[in-house]
Each structure stands twice: as structure tokens, then as C-alpha cells.
Amino acid sequence: MTGEGLVDVVGLDVSLRDEAGAVAVGVTGLAAALPSLIADDQLRYNPSDAVDPYCSKVFDLAHW
């Protein structure tokens, strides 16, 4: 993703399924919260070891 407050393209690891394997509904809540997570620099608390050639950084929000 890109956006105001981000220096470069970043990737977000998000869970698309819940513990029972059903499609997760909370991902829409994440989209609404992203502007404040970026503005308050909260993404830095969720670094990921994943590597994506299209992103400068990847953040793990799978348990968010």
C-alpha cells in the first residue's frame, strides 16, 4: 500500500480467515483504522520477517 504518511510502498500481512477457517470480517475494520495507524506510526510495532520485492517493508497485522 501507499499513502500519505508513508515514505515508500509497504506490505501488510493480514489474516483473511478466523481460527475456525471462516472468512474473517474484521479486515474491513482494519481498513478504517489504517489512517490512524500510519499517522501515529503504530505500524513500526508490528514488523514482519516476510520479504516482498514490491515493498520496502512488510508489517504483520495478522493478529490485529
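Is Thr 28 buried or exposed? Thr 28 is exposed, at a relative accessible area of 64%. Exposed means over 50%, buried under 20% and partly exposed in between, using a 1.4 Å probe and protein chains only.

The model shown is predicted; local features need pLDDT of at least 70, side-chain atom pairs count only at pLDDT 80 or more, and totals for chains, interfaces and linings use all residues. Residues are numbered from 1 along each chain as its sequence is written, and side-chain values use heavy atoms, with hydrogens and water left out.

**View 1. The whole chain follows a β-α-β pattern along the sequence.** Its secondary structure comes to 1 helix and 2 strands. Helices (H or I, at least four residues) and strands (E, at least two) are DSSP runs, numbered from the N terminus. The C-alpha trace spans about 35 × 25 × 20 Å along its principal axes. Of the 64 residues in the chain, 22% are buried. The chain exposes about 4,700 Å², and carbon and sulfur atoms supply 55% of that area. Areas come from the Shrake-Rupley method with a 1.4 Å probe; for residues, only the protein chains shown count as cover.

**View 2. Helix α1 covers residues 27-39.** The helix has 13 residues and reaches 19 Å from its first C-alpha to its last. That is close to the 18 Å expected at 1.5 Å a residue; the expected span is 1.5 Å times one less than the number of residues. At Ala 33, α1 bends by about 45°. The bend is the angle between axes fitted to the seven residues ending at a residue and the seven starting there. A proline, Pro 35, follows within four residues.

**View 3. Buried residues of α1 pack against β1 (10-13).** Leu 30, Ala 33, Leu 34, Leu 37 and Ile 38 are buried in this helix. Thr 28 also lies in α1, but is exposed. Among contacts (heavy atoms within 4.5 Å) between residues at least 6 apart in sequence, 54% join residues at least 24 apart.

**View 4. Arg 44 forms a salt bridge with Asp 41.** The closest N and O atoms are 3.0 Å apart. A salt bridge is a side-chain nitrogen of Lys or Arg within 4 Å of a carboxyl oxygen of Asp or Glu. The structure holds 1 such bridge. Arg 44 counts as partly exposed because its relative accessibility is 48%. Asp 41 is also partly exposed, at 41%. Asp 41 follows α1 and has a positive phi, near 60°.
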